[in-house]
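Work through the exercises below with the model open. Each task is followed by its solution.

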Amino acid sequence: MRRAQFWQNLLFVTILTVIFLISMIPVAVMFIRSWKTLPQVGRSQIFPTLPLHYGNYIMAWQLVSKYLLNTVLIVLITLLGVLLLSSVTAYVFARYDFPGKNFLFSLILALMMIPGVIAFVPLIVLVLKHFKLSNNWFGLFFPYWAGGQVLAIYILRVFFESLPEEMYEAARIDGASHFGLYWRITIPLSGSIISVIAINNIIGTWNDYVWPMIVLAQEKKRTIAVGLTFLRDTRHPEPGVEMAAYVIASVPMFILFLATMRTFVRGMQAGAIKM
Amino acid sequence: MATIRATRPLVIGSTRTAWGDLLKRIWAARALYLLILPTFLLIFVFSYGPIFMGIYYSFCRYDGMHAFWIGLENYRRIFQDPALVQSYKNIAIILPFSLTVGTVMPLFVAYLIYRLKSPNLRYWFRVLYTIPMVVPGIVNLLIWIFMYTPSGGINTILTLLGLEKWTLTPSGPRSWLGDQKTALGAVLFVGFPWVSPMTMLIFLAGLEGISTEMVEAARVDGATGWRMFWNIELPMIFGQLRFVIVTGTIGVMQGFQSILVLTRGGPGYATMVPAMRMYDVVMPYGSSQAAPQMGFGSAIGVFIFLVIMLITILNFRVLRGSRVETEV
């Protein structure tokens, strides 16, 4: 019995390792090619060649650093707006009573169940034509804020409601204002859930491609996702530069992942509720 | 703000409220409405607004300048547009395929991890399989484009495996995405072996949530291996399974980012999907200086939306039915 279990374990580990290695082939190819010069690529498309050639990274950095900076700024401004909007709204819905509360909340909830495809074309008209936000980062922020807060409000409301009323009671007796209840009680107690939402939002903005491409036609305003596709279309003479740029674009998420592993995973899963 | 009652929520005594009383309560809560106003402004303008605009535009001819009411003309075109007609055939292949591999492969990996005896190994495999999440989706697609080029990774690997004849066409080495015959297959193959970290984690969480007493009881009754999986473990993660299938369907039906980056629906219409066509008619591309067709695009959007709703309802019907049978 023991023996059988050992062999079963070994079999499972082997299968898992093989599947993992196969799924990493494209990433490995990206990494290997990023260290190659053109002649080295000629010698072998996907296998490592010596000497390693870091010059690709210098060239790639010059090409994509402005896109990276753009993306970091866009991510941060989007995140700030979403956190502020959603935490205030979720707090009001969680801790107060007012006429029309359930109806208003159902308006937010309904948006989680409506597939975005129906709003895609008219949103282009609205943002580019009516608001004239072509080549303007606000053409990203408004839809990101509007869309990003929905899931966040839903998650935060559930969490804020679960906070013990005694804590609020005590603070009120001590003379805390409504703002104080929000800022000094609610927010500090919700650090973990807020960071999950933050990660979820950061990943979403960082990876978005279609919408920034529509809004930001101008080269110098592009995000990294858009910049990379244009970099590919211009066909840099050194193929390794392209791959080095891809690696550079993956590094910030990798750092975020290493720094916040558990929260990162929860943040990814939080997004799964959304349709 | 002093008049606002800060209470535990959900106890709204509105049944006995007279109109005057209601107005008084609304006035008393004015600060609260003000606080949630930004949220609702944004939602009304940028979420609900486009939905209603889209429904209206779908009955119009609209080039981005002037909109003319043309009734159901756009919806008639939905069934005649050659690109769309081809896209329905393609999505009829893509959807079942993506759902199957997108469910089975993550479930398979999650199950193997779940059955590992050592907690250490379980932890490390979970982390390993999470890592691909950090590669931005667009980077992943761009690498796959390289893999499919004539001198790219797939052809190199096939040659190494002794399958060089697969890589050859009369006009030189095969460009997998550029060849009518292989483009759709190549699009489906992207992401092989299709272990989406997120789906895998959802299944793993479900499996680890199964109570050990239940598994032990089944084991005492003599259930092992396949029977254990089929009769105990799979029914217990039915909720996760349904969730993955329903959200997966919605994602495939309305998604077009990967097609846009990989092939733009080509060559010809070999890899066209409905949402890609929607994008194409409103964002004309390259040499075709066609006017954007916002009305037609909106109609395609509404149409996809309706199809998604229909499939989702069917999904819930079918999957609920089987749940009743399996529920303990």
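**Exercise 1.** State what share of chain B is buried.

Solution. Buried residues account for 34% of the 328 residues in chain B. A residue is buried if 20 or more other C-beta atoms, placed from the backbone, lie within 10 Å of its own. This is a predicted model: local features need pLDDT of at least 70, side-chain atom pairs count only at pLDDT 80 or more, and totals for chains, interfaces and linings use all residues. Residues are numbered from 1 along each chain as its sequence is written, with chains lettered from A and ligands numbered from 1 in the order in which they are written.

**Exercise 2.** Decide whether chain B is a compact globule or more spread out.

Solution. Start with the elements: chain B has 15 helices (DSSP H or I, at least four residues) and four strands (E, at least two). Its radius of gyration, over C-alpha atoms, is 26 Å. The C-alpha trace spans about 85 × 70 × 35 Å along its principal axes.

**Exercise 3.** Locate the domains of chain B.

Solution. An automatic or database assignment sets the bounds. Domain 1 covers 1–40; domain 2 covers 82–288 + 295–326. Their C-alpha centres are 47 Å apart.

**Exercise 4.** Describe the side of chain B that touches chain A.

Solution. Count contacts (C-beta atoms, placed from the backbone, within 7 Å). 80 residues of chain B meet 74 of chain A. Helix 2 (residues 30–57) of chain B gives the most, 15 residues.

Key. Two residues are in contact if their C-beta atoms, placed from the backbone, lie within 7 Å. The radius of gyration is taken over C-alpha atoms; the globule rule is 2.2 Å times the number of residues to the power 0.38. A residue is buried if 20 or more other C-beta atoms lie within 10 Å of its own, exposed if 12 or fewer, and partly exposed in between; C-beta atoms are placed from the backbone.
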